[in-house]
Amino acid sequence: MTPHAPYPIGTPGKPWSPADIAAWRALQHKRRSHADDVVAAIEPMRRDFDVVKYGSVTYDGTRYPFLAVRSRGWNDALPTMVVTGGVHGYETSGVHGALQFLADHGRDYDGRANVLVVPCVSPWAYERIHRWNPDAIDPNRNFREGSPSQESAALVALLAPLRDVALMHIDLHETTDSDESEFRPALAARDGKAYEPGEIPDGFYLVDDTANPQPAFQKAVIEAVAQVTHIAPADANGEIIGSPVVAPGVIEYDLKALGLCAGITNARYTTTTEVYPDSLRATPRQCNDAQVAAVRAAIDYALTHPGG
């Protein structure tokens, strides 16, 4: 294994100072448009859904709205399903998969379930194809009351009334080659730690909750996605990204303890998808389709097994 060069920002062994964070932020440039890709895609949906602006944030002189799309005719007697995407802005199919689900299947559950979809939790990071917000904070470790991440705090507030109501929450993510080339080295540098290279799995996988495992639910989602794209195998240690594989394509994290998005509510059924867009065996369309298949399977399973 060849040694990695020190990350270009910061001093090895020392956490980043405010000046280091400012230097990192200065390197981040807009590479695509949240307004064009997300806001414009949501606007036509106002014909069939209620669109809720649940807050906004201003960075570098640009104001970004936080938008949620929800079933029209919300009925508290129906089960509630939550779908989130774009917690990490660089994970493209999470955003576009959520939008595709709404456009193609959002009305499929009318009269059977309340569906709330937040396609892009982190607009600034979406535009810069990055994992963090401008303060070098990972929103997906900060979904809690009093969060230092404005993106996380706004979503926690939006979902607070649904904390004990939601039946299912699926959070759409990707694991990319850039995790190893950029984001994990940057994380180690930010925290003043040594970077330890890992292995990127080739294929789709899910993250279940160690505090509330639902193996049959995860299995149903994996089986649906396997019709669209390949499932990641375990590595030589029987792991995926350092966690033991508990079932084909499934690992577990403690969602609430880690401040992860899928742990915001007390939903019975929770999962985090992980698509691998850099695979030679998957196209961008397949990645979006995999996210859609996962969402549909998750909602369908929850509807047919509301009591577990």
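## Salt bridges and loop residues

Lys219 forms a salt bridge with Glu223, with the closest N and O atoms 2.5 Å apart; a salt bridge here is a side-chain nitrogen of Lys or Arg within 4 Å of a carboxyl oxygen of Asp or Glu. The model is predicted, so local features need pLDDT of at least 70 and side-chain atom pairs count only at pLDDT 80 or more, while totals for chains, interfaces and linings use all residues. Residues are numbered from 1 along each chain as its sequence is written, and side-chain values use heavy atoms, leaving out hydrogens and water.

Lys219 and Glu223 both lie in helix α7 (residues 215-225), 4 residues apart, about one turn of the helix. Helices (H or I, at least four residues) and strands (E, at least two) are DSSP runs, numbered from the N terminus.

The structure holds 15 salt bridges, including these:

| Pair | N to O distance |
|---|---|
| Arg131 and Asp138 | 3.1 Å |
| Arg163 and Glu145 | 3.4 Å |

Arg163, in the loop between α5 and β5 (166-174), and Glu145, in the loop between α4 and α5, are 18 residues apart, and the pair links distant parts of the chain. Both Arg131 and Asp138 are buried (under 20% relative accessible area; exposed is over 50%, partly exposed in between, with a 1.4 Å probe and protein chains only). Arg25, Asp60 and Asp135 are linked in a network of salt bridges.

Most residues other than glycine have a negative phi. Ala136, in the loop between α4 (123-128) and α5 (150-159), has a positive phi near 60 degrees. Ala136 counts as buried because its relative accessibility is 3%.
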